[in-house]
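Student: Please take me through this model one contact at a time, and state the cut-off behind each term when it comes up.

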Amino acid sequence: MSQLAARIRVIHRRLGCLSTVTRPDLAAKSWWRRHPDKLVQTRSANGSRSLASRMRSRLIRSWTLIFRLMSVRKSRRDEAGSMSEGVVTGVLSGLVTAGLIALFTFVSRDQLAELVTRRYPTCDAPRGLTEVPRELVHPDGEALSSPDYSPTNATDGYLGSTWIPPLRPESFDAHQALYYNSVDRNTLTLRFDRSVDVALVCVNNGAAISGTIYQNWGKARTVSVWTRHDSDAQVTTLRVQPTEALQVPQQVARDLGQVQQLSITLLDSYAGLRVETYDPQSCGFEADYTDLPDGEQAKSRYTDGCFRAPIPRAGLSEVTVFTRDD
């Protein structure tokens, strides 16, 4: 449509110029000389308009009328289009607003959180997932010493036991757990009795027994999880948790698919911290216990306290594997 309008404008200008120029001016134009039989003199000798002049005027008026009609039609179409677009935009905005109001009115915060976590389950809220039974999981790997830091500690369900892989001798002087540069020595392999659709793998990092011990011991930093080859591994940097959240698990892998085994490799670690403690045994003194009404005993507090140097041992206290609900 725009090309047609442009051509009409050109014709309009061409025909309009013929009604305003004189015969000498016409004769000077090259296109007039090439077409002497197309147009005649604008006016005859007695002053009346020639047939060609009258036809030209009628043609000019016709093209002008067509051009104006096209302009009016285009402006009306643009107005109608903008109006329809405004109506559609208003309707959509109203629907979205009404949907959000209904969502926050009739759905509680807990219900909304459950909808989100079912779509994206996490280690502390694994909704829609089921933990793989521990009797189906068989851990294997090397350890710093056995049974103190055995691989089975990572799947026994007790956060007080920790799997720690072999460490290089210099790590005991560097106050940091230095793993061997060998995948075989610092890898924990979990084998399943049957194929499992692994949706989420979570770990508890470090000695997650108490705040003091958690800070005092080293902790794993970079973890690699892989199924068949370490080239397709998912690598995660673990966080050092605050003491009030030391037992909160962290995600290390997601959506591994149907597998019969997976491997977890510790690549480096965080150093432990020098901490102050009031535990008499940690300070090298014999502990006194007080009997409680329920038959339990409470360890007496060492009032003087002491400082413990960082312990250069780092591993995983628990590994949990989740599968999707059937």
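Student: Which residue in β11 does asparagine 204 stand opposite?

Tutor: This is a predicted model, in which local features need pLDDT of at least 70 and side-chain atom pairs count only at pLDDT 80 or more, whereas totals for chains, interfaces and linings use all residues. Residues are numbered from 1 along each chain as its sequence is written, and side-chain values use heavy atoms, with hydrogens and water left out. β3 and β11 pair in the antiparallel sense over 7 bridges, where two strands pair if DSSP finds at least two bridges between them, and where strands (E, at least two residues) and helices (H or I, at least four) are DSSP runs numbered from the N terminus. In β11, the residue opposite asparagine 204 is glutamate 318.

Student: How many bridges join β3 to β6?

Tutor: β3 also pairs with β2, in the antiparallel sense over 4 bridges, with phenylalanine 192 in β3 as the bridge partner of valine 137. Towards β6, arginine 191 stands opposite glutamine 261. β3 and β6 run antiparallel, and the number of bridges that join them is 12.

Student: How many of the 19 residues of β3 are buried?

Tutor: Buried means under 20% relative accessible area, exposed over 50% and partly exposed in between, with a 1.4 Å probe and protein chains only. Of the 19 residues of β3, the number buried is 14.

Student: How far apart in sequence are the parts tied together by glutamate 318 and arginine 134?

Tutor: Glutamate 318 is buried, at 3% relative accessible area, whereas arginine 134 is partly exposed, at 30%. Their side chains meet in a salt bridge at 2.7 Å, N to O, the term requiring a side-chain nitrogen of Lys or Arg within 4 Å of a carboxyl oxygen of Asp or Glu. Because glutamate 318 lies in strand β11 (residues 316–324) and arginine 134 in the loop between β1 (129–131) and β2 (137–140), the separation of the parts they tie together is 184 residues.

Student: Which strand holds the arginine 191 that pairs with aspartate 140?

Tutor: Aspartate 140 is partly exposed, at 42% relative accessible area, and its side chain meets that of arginine 191 in a salt bridge at 3.3 Å, N to O. Aspartate 140 lies in strand β2, so the pair ties together parts that are 51 residues apart in sequence, arginine 191 being in strand β3.

Student: Which residues do salt bridges with shared partners join into one network?

Tutor: Glutamate 131, partly exposed at 33% relative accessibility, forms a salt bridge with arginine 134, the closest N and O atoms being 3.1 Å apart. Arginine 134 also meets glutamate 318 in a salt bridge. The one network made by shared partners consists of Glu131, Arg134 and Glu318.

Student: What is the geometry of the aromatic pair formed by tyrosine 149 and tryptophan 217?

Tutor: Rings of Phe, Tyr and Trp (its six-membered ring) pair if their centres lie within 6.5 Å, and planes under 30 degrees apart count as stacked, over 60 as edge-to-face and the rest as tilted. Tyrosine 149 and tryptophan 217 are both buried, and the structure holds 1 aromatic pair. Because their ring centres are 6.4 Å apart and their planes stand at 65 degrees, the geometry is edge-to-face.

Student: What handedness does the disulfide of cysteine 123 and cysteine 202 have?

Tutor: A disulfide is counted when a pair of cysteine sulfur atoms lies within 2.5 Å, and cysteine 123 is joined to cysteine 202 at an S to S distance of 2.0 Å. Both of these cysteines are buried. The torsion about their S-S bond is about -90 degrees, and the disulfide is therefore left-handed.

Student: Which strand holds cysteine 306, the partner of cysteine 283?

Tutor: A disulfide joins cysteine 283 to cysteine 306, S to S 1.9 Å. Cysteine 283 is buried at 16% relative accessibility, and cysteine 306 is buried at 18%. With a torsion of about -90 degrees, this disulfide is left-handed. Cysteine 283 lies in the loop between β7 (275–277) and β8 (289–291), 23 residues from its partner, and cysteine 306 lies in strand β10.
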